[in-house]
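Take a look at the model below before reading on.

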Number of protein chains: 2
Amino acid sequence: MKMFLDCLPCSLRQALEAGRMATDRPELQEKILEDSLKILSGYKNYRCSPDMARDIHLAVKEITGISDPYESIKKRDIQSAKNVYPILVRFLQEKGNSLYWALKIAATGNIIDSAVYHSDRDIEECLEKELQKEFNICDIGILEEKLKTAKNLLVIADNAGETVFDRILAEHFKHLDITYAVRSGPIINDATVQDALASGLGDCTRVISTGCSTPGVILEETSREFMEVFNSADIVFSKGQGNFEAISDPGRPLFYLLKAKCTVIAREFGVALNEYIFKYIGI
Amino acid sequence: MKMFLDCLPCSLRQALEAGRMATDRPELQEKILEDSLKILSGYKNYRCSPDMARDIHLAVKEITGISDPYESIKKRDIQSAKNVYPILVRFLQEKGNSLYWALKIAATGNIIDSAVYHSDRDIEECLEKELQKEFNICDIGILEEKLKTAKNLLVIADNAGETVFDRILAEHFKHLDITYAVRSGPIINDATVQDALASGLGDCTRVISTGCSTPGVILEETSREFMEVFNSADIVFSKGQGNFEAISDPGRPLFYLLKAKCTVIAREFGVALNEYIFKYIGI
């Protein structure tokens, strides 16, 4: 997806947030904002918003010397998600272990996103309400058709914490060989190999790095290992807004699984803000 | 009030909003964002956020050739406020025409602010709820003391539409000689002489221009006429966030009357977001 002008103020807000998470020193926070403004000025040089976000968060790391400003946030989110994991299992049982609700749980995990929800919300509090919301777009029929013959599944992951919700989906697809692909290094609150393993995904999937650390996978920058899995997988799920923004031309069919948390993404899918989407894209 | 880093992403968002209000041409909207980024880069050169906002909105005007992008929004807001005027009169009667609720109505008018509330909200819908909310800070005792001897009152106005709510306050102070001071020219949705007159303030106050067009009055830039009224008034009300941000050192006692609509302002007053404030500042 190309970048929209709306991404500029939002990126600047995220830069400030990351700066504050990484340092208490006002002069460093100022420097982060000043460098971010320079990066934003060159917005036309970036392929997509996650591409620009990488440079902004690189500046945060260089200026503060903190390699992972969101480390504690990610740990907290993973722990919070683990705490509600039994609720998720029970919820899916109550829904008859249906494919629809397994997908919906994985999409709901997308609410754990410190890059957008920056208040100290209690995840449990809004979880029940969010779980019950149905998809606005749901191409489940196409998935069911593919599942008749599919042997393997690739999930391109999104945030830490959301990873625990993805376990529900992975456990639902016991008969499939599942690869779970995450960022190659820490960026915002996106999941890394370490985060995926801490979320228990090592037990039910093969966790790999995409080889790319933008907060949204840019296919041209991924590793050969990842591209082999990507090209050969029977089914691919791309999770979250960042991956949707970054994958401009997948070159193969895939399913986007996300919550539309900003007006730009909602407009792209033709849905209202905060709606859930499970959208199939053919070749 | 000095500028905070939080003001930068918010100012950029407002620039985009103003650009879209002024033109449908994407290349002009891009130019507005690019010029705004340059202005933001020099944020340390500005005395306060309204000072910087003036340059951003000047860029919008120059790039688009539209001298008042918010003209239709202001007309709509004034009309909406006029539509609810009878509700306000009835509300105050039900509250025994008390000073507290006359002040509260004027503060509530501050919800009509296209610079912050940019959705197509229905003013009537949230009005009743907002009117009933009490002040978090309310220095009414000091005002009552001053009213025993006061002969005149200066109101430094804020937004168009809010102006109609201020009529309630002006009509409550029938025994006072009231001056109502507005921006010298169109800026965002702030009230000008024309807007004040369209709101019916010519019948109950003397409407003047401050001589300054920043969205928040910078005293050093006001006219001699305004400063004479400012210095000699028995009581001064400064309405809205912009005036609070811009008046760093009033040099005389005044009352701030506003809703804290952003986290920075809320923090300055030590209240929660969206609380109402009637705060006295002595010399």
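Is strand 3 of chain A largely enclosed by the rest of the structure, or is it left open, and how many of its residues are buried? This is a predicted model, so keep that in mind throughout. Strand 3 covers residues 177-182 of chain A. Five of its six residues are buried, so the strand is largely enclosed by the rest of the structure. A residue counts as buried when 20 or more other C-beta atoms lie within 10 Å of its own.

Strand 3 of chain A has a partner. It pairs with strand 2, residues 152-156 of chain A, in the parallel sense. Five bridges join the two. Look for A:Leu154: this residue stands opposite A:Thr179 in strand 3 of chain A. Strands of a sheet pair through backbone hydrogen bonds, either parallel or antiparallel.

Now move to chain B and view a whole sheet. Seven strands form an open sheet there, with mixed pairing. Their order is 1-7-6-5-2-3-4. Which strands are the edges? They are strand 1 (135-138) and strand 4 (206-209) of chain B, and each pairs on one side only. From one strand to the next, the twist averages 20°. Inside this order, strand 2 (residues 152-156) of chain B pairs with strand 5 (residues 235-239) of chain B. The sense is parallel, over four bridges. B:Leu154 stands opposite B:Val236 in strand 5 of chain B. A helix joins the picture too. Helix 5 (residues 99-108) of chain B packs on the sheet. It touches strand 1, strand 6 (254-259) and strand 7 (276-281) of chain B. The direction of helix 5 makes about 60° with that of strand 6 of chain B.

Step back to chain A and its domains. The domain assignment gives domain 1 (7-64) and domain 2 (87-281). Their C-alpha centres lie 26 Å apart. The two domains touch: 13 residues of domain 1 and 15 residues of domain 2 take part in the contact. On the domain 1 side, helix 1 (7-22) and helix 3 (49-64) of chain A each supply at least two residues. Helix 3 gives the most, with six residues. By class, this side has six nonpolar, three polar and four charged residues.

Helix 4 (residues 71-94) of chain A holds A:Arg76. Is this residue buried, exposed or partly exposed? A:Arg76 has 18 C-beta neighbours inside 10 Å, so it counts as partly exposed. Along the chain, A:Arg76 and A:Ala160 are 84 residues apart.

Finally, see how the chains meet. The contact takes 14 residues from chain A and 14 residues from chain B. On the chain A side, helix 1 and helix 2 (26-41) each give two or more residues. The largest share, seven residues, comes from helix 2 of chain A. That side divides into eight nonpolar, two polar and four charged residues.

How does chain A superpose on chain B? A rotation of 180° does it, with 0.0 Å of shift along its axis and an RMSD of 0.0 Å. That is the relation of a two-fold axis. The same surface serves both copies, as 100% of the contact residues of chain A recur in chain B. Of the residues of chain A, A:Pro9 comes closest to the rotation axis, at 2.5 Å (C-alpha).

Note on methods
Residues are numbered from 1 along each chain as its sequence is written. Chains are lettered from A and ligands numbered from 1 in the order in which they are written. This is a predicted model: local features need pLDDT of at least 70, side-chain atom pairs count only at pLDDT 80 or more; totals for chains, interfaces and linings use all residues. A residue is buried if 20 or more other C-beta atoms lie within 10 Å of its own, exposed if 12 or fewer, and partly exposed in between; C-beta atoms are placed from the backbone. Domain bounds come from an automatic or database domain assignment. Two residues are in contact if their C-beta atoms, placed from the backbone, lie within 7 Å. Ala, Val, Leu, Ile, Met, Phe, Trp, Tyr, Cys and Pro count as nonpolar, Asp, Glu, Lys and Arg as charged, and the others, Gly among them, as polar. Copies are superposed by least squares on the C-alpha atoms of residues with pLDDT of at least 70 in both. Two strands pair if DSSP finds at least two bridges between them. Axes are lines fitted to C-alpha atoms, for helices over the stretch in contact, and angles run from 0 to 180 degrees between N-to-C directions.
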